[in-house]
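Please look at the sequence and the model before reading on.

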Amino acid sequence: MISARDLKKSFGDTEVISGLSFDILPDEPATVTGASGGGKTTLLRMILGLEKTDGGEIAIPEGTRFGVLFQEDRLFEGFDAVTNVSLATGIRDTELIKAELLRLLPEEALSKPVKKLSGGQRRRIGIVRAALHRADGMILDEPFSGLDAENAALAAEYIREKARGRLLLMALHEKDVPAWCEKIIRV
């Protein structure tokens with residue numbers, strides 16, 4: 001479970017998060033929404049311990065691990081999709097990785113260095129990487145960014161399947177929130 005109470009965060013004189021409280025349970029898909037620049041990514045970074053709060057408290061059970069998709073793809077540019085997923089997750093079963101990637105990507109994309117792939121293809125590699133990480137949950141920042149409607153729907157169903165039994169928190173624009181997302185946190 002992720003529990004947050006009375007979170008606050010400002011950048012200079014600009015308050016981006018004020019008095020925010022919520023609980024997220026496994027099998028309760030959650031989305032944080034809000035305007036661009038409104039604190040969605042900041043909230044995710046605070047949960048991950050990458051950004052300090054200006055007040056309030058975040059409680060996560062000790063040892064909780066997350067598969068993470070940042071706004072930036074953070075892929076190893078010279079390696080192919082399979083190697084990228086393997087390096088990030090520690091999974092050595094290349095057939096398993098290929099099968100998972102093929103759920104979101106065309107076969108010809110698997111053998112190319114990721115620097116030669118489109119932004120949407122790179123995003124889908126990041127989604128698979130976060131989903132296959134041996135973790136208690138997933139934190140995904142704008143997972144559908146750069147995806148057309150068909151691929152966004154495919155990715156959403158993949159995420160939904162991989163999140164079963166785990167925590168899921170996604171930062172999304174309101175229009176991108178899947179119907180199956182049970183909890184919406186507005187910043």
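Which residues are linked with R45 in a network of salt bridges? The network is made up of K9, R45, E51 and D54. A salt bridge here is a side-chain nitrogen of Lys or Arg within 4 Å of a carboxyl oxygen of Asp or Glu. The structure holds 18 of them.

**How the model is read**
- This is a predicted model, in which local features need pLDDT of at least 70 and side-chain atom pairs count only at pLDDT 80 or more, while totals for chains, interfaces and linings use all residues.
- Residues are numbered from 1 along each chain as its sequence is written, and side-chain values use heavy atoms, with hydrogens and water left out.

**R45 and E51**
- In the salt bridge between R45 and E51, the closest N and O atoms are 3.6 Å apart.
- R45 has a relative accessible area of 28%, so it counts as partly exposed (buried is under 20%, exposed over 50%, partly exposed in between, with a 1.4 Å probe and protein chains only).

**R5 and D23**
- R5 and D23 form a salt bridge, with N to O at 2.8 Å.
- R5 lies in strand β1 (residues 2-11) and D23 in strand β2 (residues 14-24), 18 residues apart; strands (E, at least two residues) and helices (H or I, at least four) are DSSP runs, numbered from the N terminus.
- R5 is partly exposed at 38% relative accessibility, and D23 is partly exposed at 25%.

**D73 and R122**
- D73 and R122 form a salt bridge with closest N and O atoms 3.4 Å apart.
- D73 sits in the loop between β5 (66-69) and α2 (81-89) and R122 in helix α4 (residues 119-132), so the pair ties together parts 49 residues apart in sequence.
- D73 is buried at 16% relative accessible area, and R122 is buried at 13%.
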